[in-house]
Amino acid sequence: MKKYWKSLDELKDKSIGSDIEKKPEPEFSIEGLSEVEVSDKLKSNRRDFLKFFGFSVGTAALASSCEMPVRKAIPYLSAPEEVIPGMANYYASTFFDGHDFCPVVVKVRDGRPIKIEGNELSNITHGGTSARIQASVLNLYDSARQQYPLKNGSKANWDTVDQEIKNKLQEIAEKEGKIAILTSTIISPSFLQVIEEFKAQYPSTEVVYYDTISYSAMRMANKQTFGKAEIPSYRFDEAAVIVGFNADFLGSWLSPVEFARQYAKTRELNEEKTTMSKHYQFESYMSLTGSNADIRYSIKPSDEAVILLNLYNRIAEKSDMPTFGVEDSPVSLDQLVDDLMKNQSKSLIVSGTNDIYIQALVNGINFLLANLGGTFNFERSLNTRKGCDQKFNGLIKDMNDGHIDALFMVNVNPIYDHFDSASFELGMKQVGLTVAMSEYHDESAKLASYVCPDSHYLESWSDAEPYTGMFTLGQPAIQTIFDTRQAPESFLKWAGIETDYHTYIQNYWENNLFDKQDQYLTFNDFWNHTLQNGVFDIEVPVAECPMYDFEFIGSNANKLISEKPDGLELVLYEKIGIGTGKMANNPWLQELPDPISKGVWDNYIALSPKYARDNQITQEDVVNINGQLTLPVMYQPGQPYGTAAIAIGYGRVEIGKVANGIGKNVYPLSSMKNGYKQFNIAGITIEKTGDTYPLATTQTHHSMEGRPLVRETVLDSWKEKKNSGNELHEINEKKAVSLYKKPEYEGFHWGLGVDLNKCIGCSACVVACQAENNVAVIGKEEVKNRRIMHWLRIDRYYSLIGPEKPGPDTIYRIEPENPEVVHQPVMCQHCDNAPCENVCPVAATPHSKEGLNQMAYNRCIGTRYCMNNCPYRVRRFNWYRFVDNDKFDFNQNGQLSKMVLNPDVVVRERGVVEKCSFCVQRIQEKKLDAKKQGRLLRDGEIKTACEQACPTNALVFGDMNNSDTRIAQIKADPRTYNLLEELHTLSSVSYLTKVRNKDYVPPVEDWGHDEEHA
Amino acid sequence: MSNNIYLNMRKSIILIPVLLLCFSFILQSIHAQSQAPPEWAVCAACHTIGKGKLIGPDLKGVTERRDKAWLYSFIRSSQTMIQNGDPIAVQLFEEYNKIPMPDNNFSDEQIDGILAYIENYDESAAAVMEQPTETPSEDEATYEEAAPGLKGHVKYGPGNTQPTFIIFLILIFVAIIDLVFTKIIKARFIHIIIILVSVFVVAEITYVEAKALGRQEGYSPDQPVWFSHKVHAGQNKIDCLYCHSSATESKSAGIPSVGVCMNCHNVVKNGKKTGTEEIAKVIEAWNSGQPIEWVRVHNLPDHVWFSHAQHVNAGKRECQECHGPVETMDRIVQVESLGMGWCINCHRKSEVQFEENDFYKEYVHFHEEMKAGKRSRVTVDDIGGNNCQTCHY
């Protein structure tokens, strides 16, 4: 039998409960006082009673004599044609922050963008989004963005700045000085042309691409081996065997939203589709991708090359190719090689290591397995991630040598995110003209002589070509809020071109793309339709499949193996929420629990529990890393012994009230190897400082007391018996006898289905729900008090195979080095027999005629009986007023950032309980649309926020009364079960059993006896 | 894009009330011309004879410019001609800002009458007759009457109960004091009766006042412009949806933009009751670019989600059912309490458009019951209209 646990404490605790039971926290706490003192303080007496009584009567009297405020209604002077007050408009646009790309649809309500959805017309992302894309709308209303141009740190106006920059550029051009544009990757064809025009004006201009996370080695390896310095299109959906080496392709690697969808397609199982991909992951920290792998190997970064070489040799042997001498692999590769050989041309091996030789080796393996042209191809290549490490190094050198006269930094922040920021800073001082063009007054902008703030993408015109021949358009959804100007517009100005960028893009499209289609006769038609759709794809010529050049790897194989370093090996990784740190000043992202560790509001050094204990380090101990910085320790099951992992993107300085002082900046720990930026660093030392630092995690929140919540099986068992792993469902159905009549619903009966096989835990739904439903951000302290407000949480369970029948005395005391992981989204289950409903003394939470468990905030008096009686722990209590409260200085405190609130959803007051409503506002809206048009509601028309955000289509919402709907099919699937169905709550959320593509592992009898810690 | 089609449709619908408005305005001057056929009033809303362009072209000499057959079909349905690509019709349509002329279901005789009138129109005679007469009408008297109220205090709620409340509160005190200390009245039952009655009255007032808390029945605030629904909706019979056009589509009925006012007040600059003064405010707002800050009369608390589209479009309710006889009000007043009990009662009574609207086909079981004769109607309540989350989310 499998043992599931959420936290290590829970695993070790004999009572198999959560620690909530053990350590009841005082309900009312006052800082600095003990519990006894607090309870003394809170004891009421007669005088208090009279005081409060008198006060209440007084206020009631006062309130009743008050007049209602006069409310104004100010209509437009001349109403815009497309705006109907109270109705949302949707505009197609494009999200691109220099790294991640996504075609989006922006929901604009009464002139304010309030929500981002994926663009379903896109052939790349098909409507998927990620947590960061969902949260990006909040950055629009961030008052910490740079609000006006700066000259030497003081406010200036655009005319002066433009004039002075132009004059200086003219001077530089006259003396033939060098101008450098340091920019994050540009995928906009129009912007590239703008730069060409700028170059024409100032011919000594050089463009250097700089990416925070570099894929430089990959491009170079592809050039050396395939003759193309390009990143191919990957087709995970075509792969039967997927092998990842330190590549978090579902979370951060290259194009995660796209890959997540492809990946999930291969994981789908139903009556027609009975095969699924097999996913092996070799990695040095527990990544989102690794947590979804069928078979995960926890390896040291330094072992990657060894394993890959072994793998190469084994495959090369079979095709009679030369092999390389290498030590034996630390893990057995038999099964993997077997699977790969069986699935020729249907496997895919990817590596996320920025090492040219490793990338070349991976290419070799893929080539030998005939995957080129199958699971990846160079027909359309990826245009993001063009950063070149060598060129950037060259630029730093040139700057320091005084060869650069002007430096434009577009959307880059090397002072923060480059390890050698010191030499970059020194170099900047040698440059006469430094211009920073980013949204924030960030670390690099602070050192620039001019700051020309860039606009938010929702305020800008843009176009993009993320893959060759696949175009998107971006349009502003609001006027610029501050006195900012988008970067291409600035370059146009400085190049002396008077056209505005909007017209410029139109001209570019008319001249370059209009004749590539034959659907529209006039450009105006073409432009309007493309702008409305947001996407435009053209055919690309079929390119000849390149051949792999074995020469390169043959002559460089010896460079793959480096000396085994002493000390810890450190991995720097990107978190789902914070990413590279560009959007760090976003409270939604800061409070988004990490999908694996569930930590919020901090970065930390993740260590294997066994390693930590061997070195007498406990959780939350602060350690000194390399003498450079200190960070608290987090135990992370799945972290390889002798390695550590830290998230980048934290430790921003003076960037905004949210991000300031959160975590530590670990970019300085990264390094350079063979001319490529490295995020795997060997030879790290850690030392205990003796301090402790409390970390806030949500891993023990809302525990369901160790009941069997996750059901899973393996593929072969499922093929034999379709309800494998879910045998309990049938038993529970039979057992479910009730005195009461089973509730029946006229018309609609809403339900949600969650496919655990497709859910990868990416958390886009969590942020989408927060944005849609005005869910409050509460800050680290309150998260520690277990008061996180998210209506939708993703429970992450670790699991190990245990004894068949664990007795009461079974002691779970082994260190879980490499547990399996399950992600399970849990929202209100909308039980038809809801335990919460019948305990409410004021009937604030009744059941609707459409099967919704309703919450009437204005009726709620805050007894919290419902919370106590909810077995799923999905109800949240407003302990404070989160709006206009300086104690919670996040997006709901501030006139500007409140603009993001959804006007269709009430902002909850202090003292009431709230929870998932199945996005009832969306249900009502779509029902009304259908009524207005006098037609039946279509399946899939109503999409809850979580469903719409999901990149993998793991969530399905619909009407369970109608047997043709997708949700009805899910209900009929033998994999279906309900959470805690044995309680007969008749919940409306159905889960589909998770199926792993691996061999059946029988229960381990002598499991759980680890004398070392007994 | 797709909006344009919709907008055009809307424009043609909304033009009818414009015509009606202008019709009544011009009616006063027209009735002097004894020969004017009654149908002319419709035309006169947008056309003049010899006085230049209005919304449509000057009709002087139109019978010479165009042949009769063309005029017949254009008057009956100009849009059909435009769609069929008649060059003159299209040109006119373009020239006059694409404001469609509404179709007229006139007989040949009626059209002949109009054309004859245009042909024989005598401008100089008409000019004398059109001099406005300065006799105060009945309507102006109402304006005078209403005028003092404009500046007065606005009352709402169940009425002034404060003095009664205080008197009975004092009575309780006096009774208790006499009962315990002074003992002037010997018979104790008198005290007790006084106390009981007073407590009842005080409690009743508290209950009624508390219920009215936050409600605004009878609310009739001053508006920045003395705008009369009686004149617009009542006398000129402008459709409510002409100005509150989003009521069929959106949750908000919408207060018309100044631009909508200007559709007519571009021409109509003299009000029957208020003279030029109030309309001048609208024109001033248009010219200065400052929108008018109206005071909302019908307010719902923030925790109530109400949709006009649901009621007007899907539910086919009349505006008056909730807003009262607006077309008779010079000042808008909130007639109903807009309390939850009021909403719920209506939801219990009101039938849904069950057979008419295909949306309700989803309710198979109800349809079966109706067919079998077991059920005579389906109310809003039956399909969940009284669930909490119908209005609160």
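## Domains

In chain A, the domain assignment (bounds come from an automatic or database domain assignment) gives domain 1 (2-15 + 700-738 + 749-996), domain 2 (232-355 + 376-381) and domain 3 (565-697). This is a predicted model, in which local features need pLDDT of at least 70 and side-chain atom pairs count only at pLDDT 80 or more, while totals for chains, interfaces and linings use all residues. Residues are numbered from 1 along each chain as its sequence is written, and chains are lettered from A and ligands numbered from 1 in the order in which they are written.

The C-alpha centres of domain 1 and domain 3 of chain A are 30 Å apart. Their contact (two residues are in contact if their C-beta atoms, placed from the backbone, lie within 7 Å) takes 23 residues from domain 1 of chain A and 21 residues from domain 3 of chain A. On the side of domain 1 of chain A that touches domain 3 of chain A, at least two residues each are supplied by α25 (764-772), α26 (779-784) and β35 (793-801) of chain A; here helices (H or I, at least four residues) and strands (E, at least two) are DSSP runs, numbered from the N terminus. That side of domain 1 of chain A has 11 nonpolar, 6 polar and 6 charged residues, where Ala, Val, Leu, Ile, Met, Phe, Trp, Tyr, Cys and Pro count as nonpolar, Asp, Glu, Lys and Arg as charged, and the others, Gly among them, as polar.

For chain B, the assignment gives domain 1 (2-129), domain 2 (162-212) and domain 3 (339-393). Between domain 2 of chain B and domain 3 of chain B, the C-alpha centres lie 47 Å apart.

## A parallel sheet in chain A

An open sheet of 4 strands has the order β13-β12-β11-β14 (chain A), with parallel pairing; two strands pair if DSSP finds at least two bridges between them. Its edge strands, each pairing on one side only, are β13 (295-298) and β14 (347-351) of chain A, and the twist averages 10° from one strand to the next. Strand β11 (residues 241-245) of chain A pairs with β14(A) over 5 bridges in the parallel sense, and V243(A) has I349(A) as its bridge partner in β14(A).

Helix α12(A) lies across β11, β12 (278-283) and β14 of chain A, and runs at about 130° to β11(A). Axes are lines fitted to C-alpha atoms, for helices over the stretch in contact, and angles run from 0 to 180 degrees between N-to-C directions.

Helix α11 (residues 304-318) of chain A packs with helix α12 (residues 334-342) of chain A at an angle of about 45°, and their axes are 11 Å apart. That makes α11(A) oblique to α12(A), since angles under 35 degrees count as roughly parallel, over 145 as roughly antiparallel, 65 to 115 as roughly perpendicular and the rest as oblique. L311(A), R314(A), I315(A) and K318(A) of α11(A) make the contact with V337(A), L340(A) and M341(A) of α12(A), and these residues divide into 5 nonpolar, no polar and 2 charged.

## Where chains A and B meet

The contact between the chains takes 47 residues from chain A and 50 residues from chain B. On the side of chain A that touches chain B, α4 (46-65), β2 (72-73), α19 (523-533) and α28 (920-933) of chain A each supply at least two residues, and the largest share, 6 residues, comes from α28(A). By class, that side of chain A has 24 nonpolar, 12 polar and 11 charged residues.

Strand β2(A) is joined by 2 bridges to strand β1 (residues 294-295) of chain B, and the two run antiparallel. Within this pairing, A73(A) stands opposite W294(B) in β1(B).
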